Amino acid sequence: MQALIEIEGMAKTYFMDSECVAALADISVRVNHGEFVAVMGPSGSGKSTLMNQIGLLDTPSEGSYLFDGVEVRSLGPDRLAYLRNKKIGFCFQSFNLLARATAVANVELPLVYAGERSAVRQERAARAIAAVGLADRGHHLPSQLSGGQQQRVAIARAIVNDPALILADEPTGTLDTRTGLEILALFQRLNRTGITIVLVTHDLNVARFAGRVLLLRDGRLVEDRYQDPVVIGTEAPNDSAAVAAAS
Ligand SMILES: Nc1ncnc2c1ncn2[C@@H]1O[C@H](COP(=O)(O)OP(=O)(O)OP(=O)(O)O)[C@@H](O)[C@H]1O
Ligand SMILES: [Mg+2]
């Protein structure tokens with residue numbers, strides 16, 4: 001099968017004044033459609049740099065990267081932006097929502113960039129908001145939502161274009177344990193629908209919900225292991241019920 005992510009000999013070097021920082025060195029990894037991968041490693045080990053490469057936000061200094069079979073280096077900025085919009089959803093530790101826009105308006109943003117009509121945007125945003133369990137909060141501003149609810153809005157925004165891949169950088173980093181588990185249950189539920197998930201975390205308690213762990217150290221991939229993930233409730237009606245049933 002065609003891998004979703006196929007990285008071969010990737011390096012990323014930053015030049016600062018006369019210093020050169022090898023943020024990534026000789027990374028080779030394949031991720032198939034439908035995997036749930038945790039990327040771990042100490043601060044400064046290159047996790048976010050690797051996410052930026054995988055998410056087509058930056059280009060490598062060396063090596064090749066095939067995203068869904070296409071060599072990223074051969075693509076111009078417009079095509080990269082198009083692929084990011086259509087095929088990748090992003091989630092961050094700090095949610096990155098627009099403070100003055102309602103939950104629904106935040107979720108519609110990728111569709112605005114994609115040039116969708118208003119009726120299509122509304123219908124798809126409503127569907128994504130419902131999929132993360134926030135149908136009754138669509139008209140709230142981010143400041144009127146809890147941290148867990150704000151992350152759900154960010155996840156709804158990430159899935160509104162039916163992406164192949166979700167990239168999440170420490171998505172539970174600011175949440176309490178219980179709320180973090182609900183977000184991880186949501187990622188597992190999305191993963192079961194076929195979406196590939198790559199999630200950065202420094203927390204082993206988070207990584208155990210992934211089926212594969214990549215460990216970075218000083219920009220190098222030092223470990224790549226598969227594991228039986230802890231599965232949070234496949235039967236429960238929603239993520240908080242699933243967490244309650246599992247704990
Ligand atoms: N734009 C940049 N210019 C110069 N150096 C950079 C840049 N971005 C990252 N680096 C360096 O590359 C290395 C990897 O950084 P990166 O942000 O990927 O680490 P990380 O694993 O995400 O760390 P953290 O857990 O703290 O988020 C670090 O040494 C960092 O200082
Ligand atoms: Mg980082």
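Predicted model: local features only at pLDDT ≥ 70, side-chain atom pairs only at ≥ 80, totals over all residues.
One residue to look for here is I5, whose bridge partner in β4 is F67.

I5 is found in strand β1. Is I5 buried or exposed? The relative accessible area of I5 is 0%, and buried means under 20%, so I5 is buried. Leaving out residues up to four places away in sequence, I5 touches V29, R30, V31, I54, Y65, L66, L165 and V198. I5 and H33 are 28 residues apart in sequence, while their C-alpha atoms are 8.3 Å apart in space.

D26 is found in strand β2, and D26 has a positive phi of about 50° although it is not a glycine. With 54% relative accessibility, D26 counts as exposed, because exposed means over 50%. A second residue of this kind is D218, a residue other than glycine with a positive phi near 50°. D218 lies in the loop between β9 (212-217) and β10 (220-226). The relative accessible area of D218 is 62%, so D218 is exposed.

Now turn to another sheet. This open sheet has six strands in the order β6-β7-β8-β3-β9-β10, with mixed pairing. Its edge strands are β6 (88-92) and β10, each of which pairs on one side only. On average, and with direction ignored, neighbouring strands of this sheet are turned by 15° against each other. Strand β7 (residues 165-169) pairs with β8 in the parallel sense, over five bridges. Within these two strands, L167 stands opposite V198 in β8. Helix α2 (residues 77-87) packs on the sheet and touches β6 and β7. The direction of α2 makes about 75° with that of β6. Helix α1 lies across β3 (36-40), β6, β7, β8 and β9, and runs at about 155° to β7.

Strand β8 (residues 196-200) includes T196. The relative accessible area of T196 is 0%, so T196 is buried. Which residues does T196 touch, not counting residues up to four places away in sequence? They are L4, V31, N32, H33, G34, E35, A164, L165, I166 and N191.

Aromatic side chains come next. A pair of aromatic rings is described by the distance of the centres and the angle of the planes. How many aromatic pairs does a search of the whole structure find? The search finds two. In the pair of Y65 and F67, the ring centres are 6.3 Å apart and the planes stand at 75°, so the pair is edge-to-face; planes over 60 degrees apart count as edge-to-face. Y65 counts as buried, at 1% relative accessibility, and F67 is buried as well, with a relative accessible area of 1%. F90 and F92 form an aromatic pair that is stacked, with 6.2 Å from centre to centre and 0° between the planes. F90 counts as buried at 19% relative accessibility, whereas F92, at 28%, counts as partly exposed.

The last stop is a pair of helices. Two packed helices are described by the angle between their axes and the distance between the axes. Helix α3 (residues 103-113) packs against helix α4 (residues 118-131) at an angle of about 120°, and their axes are 9 Å apart. That angle makes α3 oblique to α4. The crossing in which α3 passes α4 is right-handed. Which residues of α3 and α4 meet? From α3 they are A103, V104, V107, E108, L111 and V112, and from α4 they are R121, Q122, R124, A125, A128 and I129.

Terms used. Residues numbered from 1 in each chain as written. Chains lettered and ligands numbered in written order. Heavy atoms only, no water. Phe/Tyr/Trp six-rings, centres within 6.5 Å; stacked < 30°, edge-to-face > 60°. Buried < 20%, exposed > 50% of the residue type's maximum accessible area, 1.4 Å probe, protein only. Pairing = 2+ DSSP bridges. Helix = DSSP H or I, 4+ residues; strand = E, 2+ residues; numbered from the N terminus. Axes fitted to C-alpha atoms, helices over the stretch in contact; angles between N-to-C directions. Parallel < 35°, antiparallel > 145°, perpendicular 65-115°, else oblique. Left-handed = near helix turned anticlockwise from the far one by under 90°. Contact = heavy atoms within 4.5 Å.
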